[in-house]
Amino acid sequence: MTAVIIDGKEIASKKKVEIAQEVQKLKELGITPGLAVVLVGNNHASRTYVTNKEKTCRDLGMYSVLIELPEEASQEELLSKIKELNENPAIHGILVQLPLPKHIDEIRVIESISPLKDVDGFHPINIGRMMTGQDAFLPCTPYGIMVLLEEMGISVAGKHVVVVGRSNIVGKPVGQLFLNQHATVTYCHSRTKDLQFHTSQADIIVAAVGIANFIKADHVKEGAVVIDVGINRNEAGKLCGDVAFDEVSEKAGYITPVPKGVGPMTITMLMYNTLKSAKNTLRF
Ligand SMILES: Nc1nc(=O)c2c([nH]1)NC[C@@H]1CN(c3ccc(C(=O)N[C@@H](CCC(=O)O)C(=O)O)cc3)C=[N+]21
């Protein structure tokens, strides 16, 4: 069997057209969704992602502003910038690019963002509301994964999903979103015994460990759906996922490539969350 490729780039483009149309409607009501991205320091990868986010914002007709602080900026400086953004009515979404320099407490920073503008979905209020199945800003990568499956017509209810990796921004929340859609969820991590025993039973595997080519064909059941969240660089500096794509594609039923799989959906769902926040202001 050769796996069906889940084309995240194509699905993201389709979603972005829908978002751009919604943005146009809001602008006719006098509201332009605004996203503020805060970048501390000069990490090259972060700058690439931030540039990508800003460009996408503008392509969709949204307002975007980049706030740059030097690497040595104090936590207090960052927190006061965020306070200004919380109070700025032209800003509907705030994203503080992670990772932050070591001298800054990331949790403290995330908790200083208004939950109403937390378009990353990282704030405990939004995580708590997601846990209990209430309306919330959902974290962009996990949300994007659920949209990919929905667009591909891959049902989740009753399926056995194995999440490999338990980060706060992907592994833990994506398992919760699967649970909310009635899947049976197994979380695997660095302390799991016999990883292959679990992954080879999965109907759907989410690989979010941050180790290049970690999931091999032996980890995968014939016909399984394999979602690769990895954003690693191989020896040649080329972007590659957590899944050994070629050998796993021989066995899987569906697979997301890296690049052009989950990544573009992360950006797209950030735009969706910013639009949602702007729409929320119509409610008050
Ligand atoms: N507060 C915060 N929120 C984030 O959402 C966040 C963050 N910090 N820090 C860094 C990670 C990483 N991230 C990616 C977004 C898009 C691609 C993406 O579009 N990747 C393209 C390839 C891009 C390239 O060529 O490098 C793809 O997979 O096709 C990847 C990674 C968001 N992040």
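Modeller: Helices here are DSSP runs (H or I, at least four residues), numbered from the N terminus. This is a predicted model, where local features need pLDDT of at least 70, side-chain atom pairs count only at pLDDT 80 or more, and totals for chains, interfaces and linings use all residues. Residues are numbered from 1 along each chain as its sequence is written, and side-chain values use heavy atoms, with hydrogens and water left out.

Biologist: OK, so which way do α2 and α10 cross, left-handed or right-handed?
Modeller: The α2 and α10 crossing is right-handed. On the α2 side the contact (heavy atoms within 4.5 Å) uses Asn52, Lys53, Thr56 and Cys57, and on the α10 side Ile267, Leu270 and Met271.

Biologist: And which residues of α6 and α7 meet?
Modeller: From α6, Pro142, Tyr143, Ile145, Met146 and Leu149 touch Pro173, Val174, Leu177 and Phe178 of α7. α6 also passes α7 in a right-handed crossing.

Biologist: Switching to the ligand: which residues come nearest?
Modeller: There are 17 residues around the ligand (a heavy atom within 4 Å), and Val96, Leu98, Asp120, Pro259 and Lys260 come nearest.

Biologist: What does valine 96 use to reach a ligand nitrogen?
Modeller: A backbone N or O atom of valine 96, 2.9 Å from that nitrogen atom. Leucine 98 also has a backbone N or O atom 2.8 Å from a ligand nitrogen, while glutamine 97 puts a polar side-chain atom 3.1 Å from one.

How values were computed: Left-handed = near helix turned anticlockwise from the far one by under 90°. Helix = DSSP H or I, 4+ residues; strand = E, 2+ residues; numbered from the N terminus. Polar contact = N/O pair within 3.5 Å; in protein donor to acceptor, adjacent residues only side chain to side chain.
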